[in-house]
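Hi everyone, thanks for coming. Please have a look at the sequence and the model on the screen, and then I'll walk you through them.

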Amino acid sequence: MAERHTQVTAIVHDPQSSDCRAVSQVLARVGDKWSVLIVSLLGNGPRRFNEIKRMVGGISQRMLTLTLRGLERDGLVTRTVYPTVPPRVDYELTDLGRSLWIPVEALGKWAREQQPQIQAAQRRFDQRSSEAGAA
Amino acid sequence: MSTALSAIERFSRYQSDDAQSVEPVHCPVRDVLDRIGDKWSILMIMTLAARPQRFSELHRAIRDISKRMLTQTLRDLERDGLITRHVFPTKPPSVEYRLAPLGQSLLEPMANLIDWADRRYSDIHAARACFDGATVV
């Protein structure tokens with residue numbers, strides 16, 4: 001554990017360097033719940049706007065539009081319009097997006113595995129807080 | 001890779017099951033992603049990976065976070081069991097934040113994401129410039 005610890009800290013950059021600011025900007029995109037979920041589900045292949053909306057659940061039309069536009073701008077997804085009536089719009093991961101899918105999926109796996117521990121921690125915290133509030 | 005593929009299949013199934021349920025907000029994976037899919041939380045955990053830090057040290061390390069947001073993020077991370085808060089009875093009392101074992105277990109998957117951001121940010125910046133150039137009217 002201690003060794004892994006050192007390894008991880010080695011990639012943390014000096015916060016004042018421009019590199020770090022750039023990485024920070026990228027993290028603002030990938031460190032966003034909706035982006036993470038969308039990249040994760042597009043890993044299975046292209047999806048239409050409404051399919052994504054249904055699969056993500058709880059995302060507003062506007063937020064989904066903004067997130068997809070942000071992902072497209074970052075070169076992570078492509079948007080393809082098919083000239084059908086009504087027009088069909090597909091979103092698909094680019095090569096860059098597929099390379100992001102790998103670490104994103106690893107995070108998703110962690111989230112699924114650790115979720116019971118996190119919920120238990122939340123219950124303990126809330127109990128401590130309510131006890132402190134009552135005291 | 002087959003493990004990853006089966007994981008995404010499970011995740012997608014989960015997502016589609018979830019889409020049919022009444023309250024997608026209760027999706028447990030979503031709940032966890034609310035935290036770890038947050039820029040400030042990621043930066044905070046990576047900063048605490050180096051060593052325990054005081055509030056002011058964290059604020060210096062992540063300078064563009066507001067004090068209010070820093071307080072809230074630390075509280076949320078503590079509530080999720082990812083970090084612990086230690087108060088020392090000095091005058092004035094000093095408060096130190098440390099990664100909890102659960103937070104430690106997040107380092108490796110998170111480091112992979114940071115590593116990706118580090119390796120590919122130039123591609124992303126190039127894509128942004130291209131997109132912005134293409135959409136200028």
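What you see is a predicted model, where local features need pLDDT of at least 70, side-chain atom pairs count only at pLDDT 80 or more, and totals for chains, interfaces and linings use all residues. Residues are numbered from 1 along each chain as its sequence is written, chains are lettered from A and ligands numbered from 1 in the order in which they are written, and side-chain values use heavy atoms, with hydrogens and water left out.

Let's begin with the two chains. Chain A has six helices and three strands; these are DSSP runs numbered from the N terminus, where a helix (H or I) needs at least four residues and a strand (E) at least two. Along the sequence, chain A reads α-α-α-β-α-α-β-β-α. Chain B also has six helices and three strands, and from its N terminus the elements run α-α-α-β-α-α-β-β-α.

How much of each chain is buried? By buried I mean under 20% relative accessible area, while exposed is over 50% and partly exposed is in between, with a 1.4 Å probe and protein chains only. In chain A, 46% of the 135 residues are buried, and in chain B it is 45% of the 137 residues. The accessible surface, from the Shrake-Rupley method with a 1.4 Å probe, is about 7100 Å² for chain A, with 50% belonging to carbon and sulfur atoms. For chain B we get about 7200 Å², and carbon and sulfur atoms supply 54% of that.

Contacts here mean heavy atoms within 4.5 Å. In chain A, if you take contacts between residues at least 6 apart in sequence, 42% join residues at least 24 apart.

Now the strands. Two strands pair if DSSP finds at least two bridges between them. In chain A, E1 (residues 47-48) runs antiparallel to E3 (residues 88-93), and two bridges join them. In that pairing, Arg48(A) stands opposite Asp90(A). E2 (residues 77-82) of chain A also pairs with E3(A), antiparallel and over six bridges, and there Tyr82(A) sits opposite Arg88(A). E2(A) and E3(A) form a hairpin with five residues between them.

Over in chain B, three strands make an open sheet in the order E1-E3-E2, with antiparallel pairing. Strands E1 (53-54) and E2 (83-88) of chain B each have a single partner strand, so they stand at the edges with one side left without a neighbour in the sheet. Two bridges join E1(B) to E3 (residues 94-99) of chain B, and Gln53(B) is opposite Tyr97(B).

Next, two helices in chain A. Which residues of H3(A) are buried? The list includes Lys33(A), Trp34(A) and Ser35(A).

Leu64(A), Thr67(A), Leu68(A), Gly70(A) and Leu71(A) are buried in H5(A). They sit on the same side of H5(A), because they cover an arc of only 160° around the axis, taken from the directions from the helix axis to the C-beta atoms. After H5(A) comes Gly75(A), with a positive phi near 75°.

A word on prolines. Pro46(A) is in the loop between H3 (33-42) and E1 of chain A, and is partly exposed at 42% relative accessible area. Beyond residues up to four places away in sequence, Pro46(A) touches Asp90(A), Tyr91(A) and Glu92(A). The peptide bond from Val85(A) to Pro86(A) is cis, with omega near -5°, and Pro86(A) lies in the loop between E2 and E3 of chain A. In chain B, the bond from Lys91(B) to Pro92(B) is cis, with omega near -5°, and Pro92(B) is in the loop between E2 and E3 of chain B.

Finally, the core. A nonpolar core is a set of buried Ala, Val, Leu, Ile, Met, Phe, Trp, Tyr and Cys residues joined through side-chain atoms within 4.5 Å. The largest one has 57 residues, and those with the most contacts inside it include Ile38(A), Tyr91(A), Met44(B) and Ile45(B). Its largest share, ten residues, comes from helix H6 (residues 101-135) of chain B.
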